[in-house]
Amino acid sequence: MSLKPSLRKFFSFLLIYFLLWVIFFEFVFPNGKILPQPGVVWQSFGALWFSYHILSNFLITFAAIYVSLIVAFFAVKILSNHLINEKSFIKDFILSLNLFSEYVPGIVLALFLIFWFPNSTFIEFVFTFLLIFFVLAKEVSNFSISKCKPYIDSARSFGLSESLINKKIIWNCILPDLKDYILKKQIYFWSILIAFEIIKGNSGLGSVFGNALRFKDLSATFAAALIVGIFVFVIIQVLSLFAKKFIHWSEVEL
Amino acid sequence: MNSEKLLEVSNVKKYYHGYLGSKLKVLENISFSIPKDSEQKVISFLAPFGSGKTSLMKIIAALEQASEGEVILEDKKYSLPDGNIIYIPEKPSSFLWLNVKSDIEFILKNTRNKSSKDINELISMVGLGSYGNHHSHGLSYGFRFRVSLARALAVNPKIIIIDDSLKLMDHLTRKEVYEMLGQVVKKFEIKFILSTTNITEALLLSDKIFFMRKKPGTIFHEFDVERDWKDKDETEKQEKLHALKNDVINFFRAEKMNHDLSFSA
């Protein structure tokens with residue numbers, strides 16, 4: 001099996017960083033104050049599994065992101081008719097929230113939600129859904145419909161209804177860009193949710209990091225970051241293949 | 001008499017509003033008609049870029065409203081597109097997410113008009129015989145134009161507008177498309193309106209050419225193209241084409257627009 005050149009480069013650099021880490025922090029600076037010793041990190045995997053319950057916490061974060069992503073995607077699809085309509089109240093509302101979010105970061109919402117529902121795991125799902133829905137709705141609202149103009153003009157001349165054009169033509173025209181945007185935003189979704197969980201502190205991967213930091217357990221923090229990094233990378237690759245299978249077209253700029 | 005006319009465009013003007021109440025005139029007093037039972041099946045608008053051809057085509061197809069004047073199709077004002085005038089834009093419009101067959105089926109499922117021709121027959125007529133199950137994504141401009149044309153023919157419209165859609169094709173593809181269009185025009189009782197900047201294209205495909213000048217776009221001459229030379233052998237055809245091109249260029253030279261047009265095949 002041959003890898004894409006960009007991935008090959010990525011893995012080559014990863015291997016170099018790994019070797020440098022082993023050489024420097026196992027043998028040159030083995031005190032574990034800057035980065036942990038590779039040998040100690042290896043031992044931390046067991047602690048992450050048994051003491052930090054990384055699997056169940058990982059599954060909570062994973063489910064929160066991807067269940068919310070699926071629900072948000074279909075919610076945006078249902079509302080797409082309004083989101084692309086220049087005169088729609090929903091579009092204005094989303095764009096006004098966007099303006100608001102430029103000055104008040106989304107994490108403020110997270111603080112309130114955590115304050116109101118400190119022990120609820122469900123609130124993580126609500127927060128992630130709101131975040132992803134807003135991000136996707138904003139992308140669709142800002143989409144330049146002029147890219148789809150040839151489809152729209154041609155479809156209108158056939159006498160197709162505006163709602164059919166919105167649902168079946170403009171939506172499919174938007175999909176390739178939306179797919180790329182969703183893939184690009186993966187790290188953002190993971191980071192924001194982990195930050196939310198660190199503040200909330202009782203579930204998800206963020207709680208693993210929070211606890212490791214509280215116990216000043218550098219090797220567990222490092223090991224957890226390694227595991228999360230590898231899994232997120234794999235998830236993005238799988239998602240990318242999956243998305244390419246279903247959204248196989250892309251509009252080439254003419 | 002109005003009843004004999006398939007399409008009548010009368011005194012169409014189009015202007016856009018600019019700053020401080022200024023008006024940008026795009027089209028000025030465009031009037032012409034297409035008789036119902038005329039032998040002339042392909043009418044072209046030959047003009048340089050920026051002469052309002054696309055605005056005119058869209059007004060005819062009721063995709064844009066004229067600022068003044070009206071478009072009458074078979075004695076009725078044509079102000080809402082209903083599938084009787086199909087517009088094929090300059091950029092490819094076949095749906096990238098559907099295959100050729102599904103694209104045509106999608107349109108047929110959602111429109112009132114239907115052609116008596118079967119989908120497979122239409123696909124082979126436009127030269128896409130073995131491409132029925134191919135997705136438009138990955139097809140060339142030429143092929144995507146053919147899909148748009150098959151889709152248009154499928155709903156049996158009165159008029160098909162081709163808005164400079166062949167411009168993006170390479171030389172060889174364009175020649176093949178001219179040939180295919182010639183065959184299609186013979187087989188269907190549909191009128192075609194072509195907008196182009198290409199003299200050769202206008203001469204090879206049309207029965208009548210309207211020459212337009214720009215700023216604002218107006219028709220300044222009507223030119224009937226004889227048919228007989230098009231079926232003659234290649235040498236004679238090229239000689240006649242060359243002579244006609246010179247005639248056309250002279251008209252545009254008089255308007256100081258001869259450099260704005262394209263001559264390639």
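In the predicted model, helix α10 of chain A is followed by K216(A), a residue with a positive phi, near 50°. Helix α10(A) itself spans residues 205-214 and is largely enclosed by the rest of the structure, because seven of its ten residues are buried, that is, under 20% relative accessible area. The buried residues are L205(A), G206(A), S207(A), V208(A), F209(A), G210(A) and A212(A). Their packing partners in chain A are α2 (38-50), α3, α9 (186-200) and α11 (218-246).

One of these partners, α3(A), also packs against another helix of chain A, α8. Two packed helices are described by the angle between their axes and the distance between the axes. For α3(A), residues 54-83, and α8(A), residues 162-184, the angle is about 145° and the axes lie 9 Å apart. The crossing of α3(A) past α8(A) is right-handed. On the α3(A) side, the contact is made by L69(A), F73(A), V76(A), K77(A), S80(A) and N81(A). These residues meet S163(A), N166(A), W171(A), L175(A), L178(A) and I182(A) of α8(A). By residue class, the contact of α3(A) with α8(A) comprises seven nonpolar, four polar and one charged.

Rolling a probe the size of a water molecule over the atoms shows where empty space is left. Over the whole structure, the search finds two cavities of 30 Å³ or more.

The largest cavity has a volume of about 70 Å³. Its lining consists of 13 residues, and those nearest the centre are E90(B), P92(B), Y141(B), F145(B) and S165(B). Helix α4 of chain B, residues 141-154, contributes the most to this lining, with four residues.

Two elements of chain B, α5 (171-187) and β8 (191-196), each give two or more residues to the lining of the second largest cavity. Seven nonpolar residues make up this lining, with no polar and no charged residues.

Conventions. Residues are numbered from 1 along each chain as its sequence is written. Chains are lettered from A and ligands numbered from 1 in the order in which they are written. This is a predicted model: local features need pLDDT of at least 70, side-chain atom pairs count only at pLDDT 80 or more; totals for chains, interfaces and linings use all residues. Side-chain values use heavy atoms; hydrogens and water are left out. Axes are lines fitted to C-alpha atoms, for helices over the stretch in contact, and angles run from 0 to 180 degrees between N-to-C directions. A crossing is left-handed if the near helix is turned anticlockwise from the far one by less than a right angle, and right-handed if clockwise. Contact means heavy atoms within 4.5 Å. Ala, Val, Leu, Ile, Met, Phe, Trp, Tyr, Cys and Pro count as nonpolar, Asp, Glu, Lys and Arg as charged, and the others, Gly among them, as polar. On a 1 Å grid over the protein atoms alone, a cavity is a set of points where a 1.4 Å probe fits but cannot get out, and a pocket is an open set with protein on both sides within 12 Å along at least five of seven lines; lining residues have an atom within 4 Å of a point. Grid points are joined across faces, edges and corners, and a volume is the space filled by probe spheres set on the points. Buried means under 20% relative accessible area, exposed over 50%, partly exposed in between (1.4 Å probe, protein chains only).
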